[in-house]
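Dear colleague,

I am passing on the structure we discussed, together with some notes on it. Please look through the model first and then read on.

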Amino acid sequence: MENMTQEYEARKLSVVGEEILAQINHRTEGLRARREGVLEARRLMYKATHVVRDFDDVALLTLYAQEVSATEAAYGETGKELARLTRILDTPYFARLDFVEEGYGDREEIYIGRHSLFDEKNQTFHVYDWRAPISSLYYDYGVGRASFAVPVKECPRIHGEILLKRQYQIEKGKLIYFFDSDLAVEDDILRKELSKVSDAKIKTIIHSIQHEQNKAIRAEAESVLVFGPAGSGKTSVGLHRLAYLLYRHRETLSSGRVRIFSPNAIFASYIEGIIPDLGEDDVAHLDFAGLIEARSAKPFKDGYELIDHISHSPPEDPRRAWLARKYSPAFLAHLENTVRSHTPSFAEDVYFYRDKICDKARLADLYADRTTASTLAGKTARVLDYLHQCFAEYYKSNKKAITAFFESISGDDLTDEEARQRFEEERNIVVADLRNRLSPKPQKLYEKALKTWPDKASMQYIHESLRAEALCFEDALALLYVSILTGRTPPDKSVKHILLDEAQDCCPLQHRILQKLYPASHFTVLADVNQALYPDINIQKNEDIAALYPKAQIIPLTKSYRSTYEISRFAKSVLVDVSPGDADASLYMRHGEEPEIIQAPDPVQKIHEILHQLPGEYKTIGILLSDTQKARALHRQMRTSPYDHAKPIQLIDSPENRFAPGIMVMAVPFAKGLEFDAVLCPEYGQIGGRLLYLICTRALHRLYLLDTGGKG
């Protein structure tokens with residue numbers, strides 16, 4: 001019986017492999033033909049429309065351009081499909097379910113893989129995409145009664161029974177082994193995946209997605225908040241959710257309408273390529289520094305400079321004292337009210353020289369609030385639209401007089417077009433002046449909000465900070481927000497979904513900026529408040545994040561998978577303020593070495609000794625310190641030390657650095673979201689709480705804690 005099963009599965013894999021090769025060959029030929037078609041269409045367009053002589057030539061050019069565009073689009077799609085087929089040739093599928101739908105007697109064999117493989121000749125699926133509705137059975141159920149959701153209103157769930165659940169290990173098109181299981185996802189498969197070394201890139205988890213992760217990935221809510229401890233797979237879940245949404249809503253959602261907000265370029269380099277690896281076009285990565293830079297004429301300090309300032313300044317420092325105000329919900333409401341309540345002066349009627357264009361009372365009436373939802377940007381647009389209309393009507397009724405007027409000034413005869421251009425120049429001057437009064441520069445409104453804040457402490461600091469050569473990050477953020485509120489920075493309604501990682505590190509102002517700048521977007525928000533290191537600027541409670549997204553579905557992840565059980569248990573023990581949602585978080589039972597606490601009077605020597613002892617297959621090793629100054633100092637010591645170091649040691653001290661295989665010295669804030677085969681903490685005994693927790697939870701397999709004092 002076992003041999004028959006082995007033969008059946010080998011034959012199935014062979015059939016699937018042959019189908020993939022056949023489709024690759026077919027599409028390769030199609031790609032070749034389409035390439036020739038593109039070149040021929042371009043050649044004909046150039047030949048037929050090399051010289052455009054009249055309207056008919058323009059019409060012909062348009063037709064040729066449309067044909068070339070359609071041909072090139074088809075060429076691109078064929079290329080993408082060919083890439084998908086090539087990608088699944090090595091491992092066409094990783095699981096099989098035998099399912100009998102309720103009310104039907106047929107037993108259906110469902111093979112699940114990275115991408116679907118459809119046999120057009122026989123109109124059957126050889127393999128189902130892991131994102132297909134029926135594939136959710138693999139992640140949610142073992143053998144027995146089961147059901148899955150389908151996008152059909154009349155019958156939202158399909159019920160039935162799983163008769164067989166089988167998992168495969170296939171490499172380079174060869175069946176290595178398979179086994180049957182009655183569990184949702186067999187522990188051996190997951191444990192094997194988690195035991196692999198890191199290659200400085202996040203991996204897809206399609207063959208080991210857990211039930212609670214699958215719930216978050218496939219959630220039908222428009223916006224989702226995913227809370228979970230370090231190592232629970234939040235980032236992977238968020239990225240796989242994007243791929244799922246692009247698959248599920250491909251008629252209305254495309255990669256070009258999705259954004260990933262990353263903490264920095266280091267993290268962006270860690271996750272780059274995973275969306276294409278999941279079969280979708282890549283998604284643009286953004287961060288707040290990039291948002292500000294694209295819209296600010298003045299240089300500014302980044303958020304990591306702010307973190308360093310907090311780390312090395314006393315609480316009474318003026319900047320820190322104002323941070324508590326600027327980042328508070330109360331000041332945010334005060335800032336919004338300052339913008340909303342701005343009332344410009346309508347002291348004069350609007351004239352074109354001696355002729356009145358419109359009445360000041362009418363402008364004031366138009367600017368007045370129409371509803372409680374009226375915004376400064378909306379009120380400004382209403383007034384300016386009316387002003388443009390008044391100028392247009394005036395020009396239409398006085399065209400000849402206007403031409404004669406400008407001729408009398410210039411002493412030249414003017415064509416109608418020349419007179420119109422001069423009229424529009426005069427009109428634009430009037431409109432620009434009124435726009436500036438209706439919507440003042442963001443800095444003026446921001447300064448007004450600061451001056452009218454009840455607590456007047458440290459106003460001298462405020463004055464100096466706003467006029468410094470480079471703005472502080474918190475001020476640059478506030479100015480961006482005011483610019484959005486006034487309409488000077490228009491909203492981007494083309495973006496339909498945003499993935500926001502490390503959401504606890506964003507202050508309420510940053511969350512509000514995203515919501516206002518992308519008003520048509522839904523959100524997938526990932527957070528772990530136990531990694532909120534800086535109370536001055538981070539959000540410390542899950543409920544405070546949830547309050548910013550009142551309509552979002554909250555999905556908790558409770559189990560930590562990244563580290564070994566021993567490392568995870570130790571990391572959990574250092575937290576003295578575990579949030580209630582994580583208090584009962586279970587630890588995955590992948591056993592390894594206990595964390596080593598090492599007495600290290602000479603930490604540089606001890607670090608080199610540890611580096612020499614680590615297994616050669618470890619590709620990523622992190623030496624993590626509490627701040628950038630200490631990371632730079634240790635890196636200098638290691639580079640100039642007499643101890644032998646065979647491998648280069650890289651310093652990560654800027655958010656623009658990239659995450660790459662090797663030995664890295666970096667400050668903890670730059671390590672957010674990353675993982676290393678081994679982590680060394682040279683400050684054990686000097687740091688604790690959430691800072692130590694974050695360092696410990698970066699380690700996959702080994703954790704070394706160096707005590708340079710007397711703590712053992």
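This is a predicted model: local features need pLDDT of at least 70, side-chain atom pairs count only at pLDDT 80 or more; totals for chains, interfaces and linings use all residues.

In helix H9, which spans residues 288–295, the buried residues are Phe-288, Leu-291 and Ile-292. Because they cover an arc of only 95° around the axis, these residues lie on the same side of H9, and they pack against strand S9 (258–261), H19 and helix H20 (508–517). On the other side of H9, Glu-293 and Ala-294 are exposed. The N-terminal end of H9 is capped by Asp-287, a side-chain oxygen of which lies 3.4 Å from the backbone nitrogen of Ala-289.

Ala-470 belongs to the loop between helix H18 (459–466) and helix H19 (473–486), where Ala-470 is partly exposed, with a relative accessible area of 23%. Leaving aside residues up to four places away in sequence, Ala-470 touches Pro-299, Phe-300 and Lys-301.

As for the cysteines, with a cut-off of 2.5 Å between sulfur atoms, the count of disulfides comes to zero. The sulfur of Cys-358 has its closest cysteine sulfur in Cys-390, at 4.5 Å, which is too far for a bond. Cys-507 is likewise in no disulfide, the nearest cysteine sulfur being that of Cys-506, 7.3 Å away. Cys-358 counts as buried at 3% relative accessibility, and Cys-507 counts as buried at 1%.

Note on methods. Residues are numbered from 1 along each chain as its sequence is written. Side-chain values use heavy atoms; hydrogens and water are left out. Helices (H or I, at least four residues) and strands (E, at least two) are DSSP runs, numbered from the N terminus. Buried means under 20% relative accessible area, exposed over 50%, partly exposed in between (1.4 Å probe, protein chains only). Contact means heavy atoms within 4.5 Å. The arc is that of the directions from the helix axis to the C-beta atoms. A polar contact is a pair of N or O atoms within 3.5 Å; within protein, one must be able to donate a hydrogen and the other to accept it, and residues adjacent in sequence count only if both atoms are side-chain atoms.
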